[in-house]
Amino acid sequence: MSDEPTPQHGPHGYSGDKAALLSRLRRIEGQIRGLQRMVDEDTYCIDVLTQISAAKSALHAVAVGLLEDHLAHCVVDAARAGDPTAKVKEASDAIARLIKS
């Protein structure tokens, strides 16, 4: 994933905060590895489910942050350029996927 602009995409809205985003994703990755350990160690099922819920919440928080960046950066830039329709559709589709999950 490069920050370099391409013909279809400019720098991403999260580019300025990429280090923090990667740090959050690494923490989530650690949570998932912890879940694997819990299952391997036969941890009580409710405790595993609690940790799964925490990992899902963390991923949702990252997704909402990315969506906010998309709206503030990509959609706003498209509106300034004259036609935000495609970017708004992308955001709507992403919201629909988040609601389903």
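Here is a short walk through this structure, from its overall layout down to a few single residues. The model is predicted, so local features need pLDDT of at least 70 and side-chain atom pairs count only at pLDDT 80 or more, while totals for chains, interfaces and linings use all residues. Residues are numbered from 1 along each chain as its sequence is written, and side-chain values use heavy atoms, with hydrogens and water left out.

Let's start with the big picture. The chain has three helices and zero strands, which gives the pattern α-α-α along the sequence. Here helices (H or I, at least four residues) and strands (E, at least two) are DSSP runs, numbered from the N terminus. Of the chain's 101 residues, 20% count as buried. Buried means under 20% relative accessible area, exposed means over 50%, and partly exposed is in between (1.4 Å probe, protein chains only).

Now look inside. Y14, L21, I28, A58 and V62 make up the largest nonpolar core. Such a core is a set of buried Ala, Val, Leu, Ile, Met, Phe, Trp, Tyr and Cys residues joined through side-chain atoms within 4.5 Å. Two or more of the core residues come from each of α1 (18–40) and α2 (45–81). Pick out V62 and leave aside its neighbours within four places in sequence: V62 is in contact (heavy atoms within 4.5 Å) with L21, R24, L25 and I28.

Next comes the largest pocket, with about 350 Å³ of space. A pocket is an open set of points on a 1 Å grid over the protein atoms alone, where a 1.4 Å probe fits, with protein on both sides within 12 Å along at least five of seven lines; lining residues have an atom within 4 Å of a point. The volume is the space filled by probe spheres set on the points, which are joined across faces, edges and corners. The lining has 16 residues, and Y14, L66, L67, H70 and A94 lie nearest the centre. Helices α2 and α3 (85–100) each supply at least two residues of that lining.

H70 lies in helix α2. Is H70 buried or exposed? H70 counts as buried because its relative accessibility is 16%. Not counting residues up to four places away in sequence, H70 touches V75, K87, E90 and A91.

Finally, find V76, also in helix α2. With a relative accessible area of 30%, V76 is partly exposed. V76 and K87 are eleven residues apart along the chain, and their C-alpha atoms are separated by 8.9 Å.
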